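Here is a structure to question term by term.

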Amino acid sequence: MKRNIAIIMGGFSSEVKISLKSGNVVYNHLEKEKYNAYRVHILKDKWVVLDENSNEFPINKDDFSTVINNKHITFDCVFNAIHGAPGENGTILAYFDLLGMKHTSAPFYQMALTFNKRDTLSVVKNYGIPCATSVYLNKGDAFSVEQIIDKVGLPCFVKPNNAGSSFGISKVFTAEEILPALEKAYAEDSEILIESFLDGTEVSVGVIQYEGKTKVLPITEIVTENDFFDYEAKYEGKSQEITPARIAPSEEKNVQEIAQKVYEILNMSGFSRSEYILVKGIPHFLEMNTVPGLTEESILPQQANEAGISLAQLFDNAIKMAIN
């Protein structure tokens, strides 16, 4: 019997458009002979299911079901393609847990933890994973620009703690740029992370559960025309993503080992894509994305392709792992 799969997309953050794009790629690549796939838009003002002609039918939030043409439809599994809130920060997954509904992401606590950059860094540092030097600020905290520079040096990065797709991030070169950078970050979040600049090769690596085992995908090297891998670099072609990365075999081994270790330390399951900077061959962990972009051009699908895994196989495996 074919299983009914709800592909949730959209969300409440700055990343709505990117999420809709990812969700549609999943919809187009799920094997039609195996699954009845439904596109579900989770938006601030409505939760709706779309039929083939993009007619909208409301979701009943009591049990996450819908009625299409007088037919009551329930779902066997939810495929999470929401970047940012409420998909990547775990909120909607806690709701699915309460309903006893299977989904393709890690448990809601792991999603909430990894969405919070500061808390993730606190956990992995405790296990000896190299990271940048950092300062944390909450909105309204007293701070001294001099003390921040003393600790992290210049240049440094100012980042919102809970925003995705590089929204609100600045690379700061002078003391005068710190205040405007803080304002930009506070526009996205009330918690901020200020990190030392790590001078090295940036790489991105996907780690997933594949056929019941933790699998580290081929590594991607990020070469950007901009000062860092910002929104333009990610989505507007201002960067090169080179898979496999042009790094030494010893560096590749280091990244693979640390990426797997971080995935396991954080009790992850489902998709993940983490960013590292290689400084003198040592990978320094930056952050983990647990609902990475899933479009044909996105990094994790590029890596899967390099590993000989098609999008159809990648998405089919995610559902199998979730249901079993």
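The questions and answers below set values against definitions.

Q: What kind of model is this, and which pLDDT limits apply?
A: This is a predicted model: local features need pLDDT of at least 70, side-chain atom pairs count only at pLDDT 80 or more, and totals for chains, interfaces and linings use all residues. Residues are numbered from 1 along each chain as its sequence is written, and side-chain values use heavy atoms, without hydrogens and water.

Q: How many helices and strands are there, and what makes a run count as one?
A: The protein has 10 helices and 17 strands.

Q: Why does the radius of gyration agree with a compact globule?
A: The radius is taken over C-alpha atoms, and the globule rule is 2.2 Å times the number of residues to the power 0.38. For 324 residues a compact globule would be near 20 Å; the protein has 20 Å, so the two agree. Along the principal axes, the C-alpha atoms fill a box of roughly 65 × 45 × 35 Å.

Q: What share of the residues is buried, and what makes a residue count as such?
A: Buried means under 20% relative accessible area, exposed over 50%, and partly exposed in between (1.4 Å probe, protein chains only). By that rule 56% of the 324 residues are buried.

Q: What share of the contacts joins residues at least 24 apart?
A: A contact means heavy atoms within 4.5 Å. Among contacts between residues at least 6 apart in sequence, 64% join residues at least 24 apart.

Q: Which side chains count as positive or negative, and how many are there?
A: Lys and Arg count as positive, Asp and Glu as negative; His and the chain ends are left out. Each charge is placed at NZ of Lys, CZ of Arg, CG of Asp or CD of Glu. The protein has 30 positive and 43 negative side chains, and the centres of the two sets lie 4 Å apart.

Q: Why is the pair of F64 and F96 called edge-to-face?
A: The centres are 4.9 Å apart and the planes stand at 80°. The angle limit for edge-to-face is over 60 degrees, so the label holds. F64 lies in the loop between β4 (56-60) and β5 (65-68) and F96 in helix α2 (residues 91-99), so the pair ties together parts 32 residues apart in sequence.

Q: How do you know whether F64 and F96 are buried or exposed?
A: F64 has 0% relative accessibility, so F64 is buried. F96 also has 0%, so F96 is buried.

Q: Why is the pair of F79 and F271 called tilted?
A: The ring centres are 6.1 Å apart and the planes lie at 50°, so the pair is tilted. F79 sits in strand β7 (residues 77-80) and F271 in the loop between α8 (249-265) and β16 (273-279), 192 residues apart. F79 is buried at 0% relative accessible area, and F271 is buried at 7%.

Q: Which residues form a cluster through ring pairs?
A: Y38, W47, F64, F75, Y95 and F96 do.

Q: Why does I8 count as buried, and what does I8 touch?
A: I8 has a relative accessible area of 0%, so I8 is buried. I8 is found in strand β1 (residues 3-10). Leaving aside neighbours within four places in sequence, its contacts include V40, I42, F64, F79 and F96.

Q: Why does I129 count as buried?
A: Its relative accessible area is 5%, so I129 is buried. I129 lies in the loop between α4 (117-126) and β8 (134-138). Among the residues I129 touches are V124, I258 and F285, not counting those up to four places away in sequence.

Q: What makes S54 partly exposed?
A: S54 has 40% relative accessibility, so S54 counts as partly exposed. Phi of S54 is near 65°, a positive value in a residue other than glycine.

Q: Which peptide bonds are cis, among them the one from A85 to P86?
A: The bond from A85 to P86 is cis, with omega near -5°. Another cis bond joins L154 and P155, with omega about -10°.

Technical notes:
Helices (H or I, at least four residues) and strands (E, at least two) are DSSP runs, numbered from the N terminus. Rings of Phe, Tyr and Trp (its six-membered ring) pair if their centres lie within 6.5 Å; planes under 30 degrees apart count as stacked, over 60 as edge-to-face and the rest as tilted.
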